[in-house]
Every structure is written in structure tokens, then in C-alpha cells.
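Reader: I am new to this structure and would like to understand the words used for it. Could you take me through some of them, one at a time?

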Amino acid sequence: SQPGDSHQPLAAPTVRGVAAVPGDERTSTTLLPALSGGTKSLGAAAAAAAVWGGAFCFARAWSHQQATAKLVGALGLYLTIPLCAGLLNLATNRLAVWMIFHPLKYWSCPGLGIKAPAEGSPFGLVGWQGIVPSKVKKMGTRIVQMVAGMPGRPGLINVESVFRRLDAGHMAALLAPALREKVVPIVEAELTGPQYVREQLADMLITTERIEALVADVITCVQDDVDSYLDVEGAVVSSLGKDVGLLVNLFERCGAPELRFLVMFGLWGGLGLGVFQMLLWLVWSPAWSLPATGALVGLITDWVALRLMFTPVQPVNILGRFKIQGLFLQRQREVASDFGEFFAKKILTPERIWDDIIRGNKSAALTALLESRIRAAVSPLEGALTDDFFATVSNRVQRALPEVVPSSYAYVEKTLALEGDLTSAMRSMPSEDFEEVLHPVFQEDEWILCLLGAVLGGLAGAAQVPFYR
């Protein structure tokens, strides 16, 4: 240093030309990108070195083992390694897909007396139930919350808005004739006095006009406070619990192409990885290597297939010309149409809606509503009738409703238009939300599918060993 420069600060160290200024708090953030870039470069270099090193070792082993001569001398035999890998992976994946949905009820070895596991678990000590049937309550609840919404998260449809489409007057005209035929004998039976008096009195009180007014009033009250009378989640989950096949059919219909892909990928992926398995066996052939690589092939093909079905969630453009996206996510418009049709016609049907209102978890609200409206309908005699009379009549009328409401099914289905609403809303869903339609089926016990592929692949490899020694 020059005289007089003894107190000058030393030059700041640099990383890739970036100066680190002492005392400057920005220094650490300035250094991070440089250090990160260096780490990535080292990682890439290490990976490249490993690949080249592996290739070099493989080439030397190939020459040392005279693998070319072995392959040519028994080409047909060695080609059975990838062929078996492909066919066995095809069978494994087909079995795995079947096990997602079947059996509908828990099955165990006969004679062992093994009880079914707790709800939500597909497998017990020695037995199995399809993943979807075993988790029908959980999956059904998730679907209903997606359709009808949950606190803090709107659904595909607004149930209250949908119900307001029904015209109370038209519903009254549809239901009143059949309802009057039920109500008149009920009222007559609960009145006191000579029979001819009760018949005339009941016929006079329960007129068609009063029944129509009663029905219209009840429909309007339900529309004003749907949540008090209809438990959508309970109705759907209950119906799915009674008929597990409905949920299975829904997923099989919406995911049919993806399920076929999962099966066929086992074939083609198994063939491709089976070639690697064959080449490795030619240069390195301890007895356990074929089972080990067979297990690896089964594991990898299942894992990759599941990734390709749902990853990436958002479209990724490659070179500005190719778009890559999960196979299921690419079919959003088609799946939305299938889901809307199936859900509206098989799950949330007019029959199930009426059944929940009449006999579901919130049916007591309808009982109270009917009692108040029946009191109004027979107001001329209200003072002469007891509370027991009104309670009994309202209960009997409610029990008779399942025989009355079918006349409204066609109108309700057409007017609610659930299929169109669900289809349109699902087509507009963000990809992240749409993925949740089918992905949970595999996420629940994805490891089982991969493990099954690995186990069967390993067993197949072990069975091949004697033929290649």
C-alpha cells in the first residue's frame, strides 16, 4: 500500500463480480442468487458426472460379460423379460383399478370370522373393500360441499336460488288433487260424531281451493328458508350410503379415460423399463436383481401414471408450441358434462329432495309447518278441535306425502335445471379446484396402488429367475 493509505478499507470480496459491501444489509441478499446459481451448477455437474460414470461402468461391464454374445445367442429368451414386465404391469394395473372400486362390501376369507375394519379403511387383517366404497361417507361429503358449498366457500350452485325457480302456484295445482284425496279421510277419521256428519264436515272443510292454498304456502315457506327444511349433505350422503354403487359409477364415468390410461401405461411403461431390466440382467445377474428391478418397474410405472393424470395442474407451454397438462385436467369440459348429468339424474333427484324434506334429518320442521297451515285451513272449527287433533292430522298427512309428490317430479327436475347449472359451473372452475373432483379417489390410498405394483412386479421377477440362470 502507498504511504497514507494504512487506514483505507480493504476491497470488498466479490462473488461472480458482485461486491459485498461491509455494513450494507443488502449484501446477504445480493450474494444469495450468486450462491444459489453456483449450487445449481454444482448439482448439474454432479448429476452429469454420475450419468457419465454410470454409462462408462455399464459399458465396461457389458464388454467384460460379453453381453452382446449372450443377448444374440438367446435373444428370444431375453426379450421375454420386457414382455413379461409389460404384460404383468398391465395385469397389475388392471387389478389396482378394480381394487379402487370393488368389492362394494368388505370381503374376507370365508371361515375366518374376521370382522370388517372401521369405516373408512379399505383393508383389514385378511380382506379388502374397494377404496371408494370404504370411504363413501367422506367422499360423498366432499362432493356435496363442492356442489352446494360450505361455510366460507361457495358451491357450484346456490340451493336457495335454485329452489326459488319453482312456481308455488303450479306446484299447488300439481299436488292438490292427490293430496285432497289423502287429507279428507284423515280429517274425517279424527273428527268425532256420527259418520255422515264427519264425512260432510270433512268434505266441506277440505276443499280443493284450501288445499291449493295450503300447498302454495308450504312451498313458499320452504323456498324462503331452504336450509331449515332440506339437508342437502345428509340427503346425498345417506343415499350414497344406501347405494354405494352410485358413487362408484360416478367416478368410473367421469374418470373412464384416465382409468384406461392407468391400465395401458402399465403395459407400455413396463415394456420400456423392462428393456432396462433386461440390459441390467445381462451385465449383473445375482439372483435377487431380477425381483428387485421387477419391483422397481411396478412401482415406477404406477407412480408415473398417477403423476401424468393430474400433473401439472396448470397448462405449461413448451417452446411456445406444445401444451402439457394433467390428462384429467385437459378434459374439464367433457367431465363437467358427465358430472352434471349423473349428479342431477342419479344423486340429487327430485325424489331424493322430497324424501329428505319429508323424512330426513330436518323433517320436524315440515311437521310444524303443516300443523300451522292445517290449523289455518280449518279455521272455522279451530276452537272446537284439540291440539292432539292437529298434531295427529299433520303427522298422518306428512306420512302420506310420499304417495302424493311423484306427480311433481318431472316439473321439479325440469325447473331446477341442476344438470345445466352444474355443468356450466364446473366448466368455469379453476384447475386447482377441478382437480379435486377425481384426484381424491387416488390420493386416499395411492400408496396401496404403488405398493401393489411393486409387490407383484417383484414376484414376477422372482418367477423368471430360473429361466435365465
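Predicted model: local features only at pLDDT ≥ 70, side-chain atom pairs only at ≥ 80, totals over all residues.

Reader: What makes Arg253 and Glu341 a salt bridge?

Author: Their side chains meet with N to O at 2.7 Å, and the cut-off is 4 Å. The two residues come from distant parts of the chain, with Glu341 in helix α16 (residues 332-347) and Arg253 in helix α12 (residues 244-254), 88 residues apart. Glu341 has a relative accessible area of 26%, so Glu341 is partly exposed.

Reader: Why can side chains like these pair?

Author: Side chains of opposite charge can do so when their charged atoms come close. A search of the whole structure finds 14 salt bridges.

Reader: How do you know that Lys182 and Glu403 form a salt bridge?

Author: Their closest N and O atoms are 2.5 Å apart, and within 4 Å is what the term asks for. Lys182 belongs to helix α7 (residues 168-190) and Glu403 to the loop between α19 and α20, so this pair ties together parts that are 221 residues apart in sequence.

Reader: Are Lys182 and Glu403 buried, partly exposed or exposed, and why?

Author: Lys182 has 29% relative accessibility, so the label is partly exposed. Glu403 has a relative accessible area of 57%, and over 50% counts as exposed, so Glu403 is exposed.

Reader: What makes Glu160 and Arg164 a salt bridge, and where does the network come in?

Author: The side chains of Glu160 and Arg164 meet at 3.5 Å, N to O, and that is within the 4 Å limit. Salt bridges link Glu160, Arg164 and Asp224 in a network. Glu160 counts as partly exposed because its relative accessibility is 36%, and Arg164, at 44%, is partly exposed too.

Reader: Now to Ser408. Why is Ser408 called buried?

Author: Its relative accessibility is 0%, and buried means under 20%, so Ser408 is buried. Ser408 sits in the loop between α19 (387-400) and α20 (409-416).

Reader: What makes the approach of Ser408 to Trp354 a polar contact?

Author: The side chains of Ser408 and Trp354 are 3.1 Å apart in this contact, and the limit for N or O atoms is 3.5 Å. The side chain of Ser408 also reaches the backbone oxygen of Val405, at 2.8 Å. If neighbours within four places in sequence are left aside, Ser408 is in contact with Met171, Leu174, Leu175 and Trp354.

Reader: How are aromatic rings described as a pair?

Author: By the distance of the centres and the angle of the planes. The count here comes to five aromatic pairs. In one of them, the ring centres of Phe261 and Phe265 are 5.5 Å apart and the planes are at 40°. That angle falls between 30 and 60 degrees, so the pair is tilted.

Reader: Where do Phe261 and Phe265 lie, and how accessible is each?

Author: Both are in helix α13 (residues 256-283), four residues apart, about one turn of the helix. Phe261 is partly exposed because its relative accessibility is 24%. Phe265, at 19%, is buried, since the cut-off for buried is under 20%.

Reader: Which residues form the nonpolar patch on the surface?

Author: They are Val316, Ile318, Leu319, Phe322 and Ile324, with about 480 Å² of accessible area together. Strands β5 (316-318) and β6 (322-324) each supply at least two residues of the patch.

Reader: What makes Phe322 partly exposed?

Author: Phe322, in strand β6, has 48% relative accessibility. Exposed would need over 50%, so Phe322 counts as partly exposed.

Methods. Residues numbered from 1 in each chain as written. Heavy atoms only, no water. Buried < 20%, exposed > 50% of the residue type's maximum accessible area, 1.4 Å probe, protein only. Polar contact = N/O pair within 3.5 Å; in protein donor to acceptor, adjacent residues only side chain to side chain. Contact = heavy atoms within 4.5 Å. Phe/Tyr/Trp six-rings, centres within 6.5 Å; stacked < 30°, edge-to-face > 60°. Patch = residues over 30% accessible without salt bridge, like charges linked within 9 Å, V, L, I, M, F, W, Y side chains within 5 Å. Areas by Shrake-Rupley, 256 points an atom, 1.4 Å probe, with all protein chains shown as cover.
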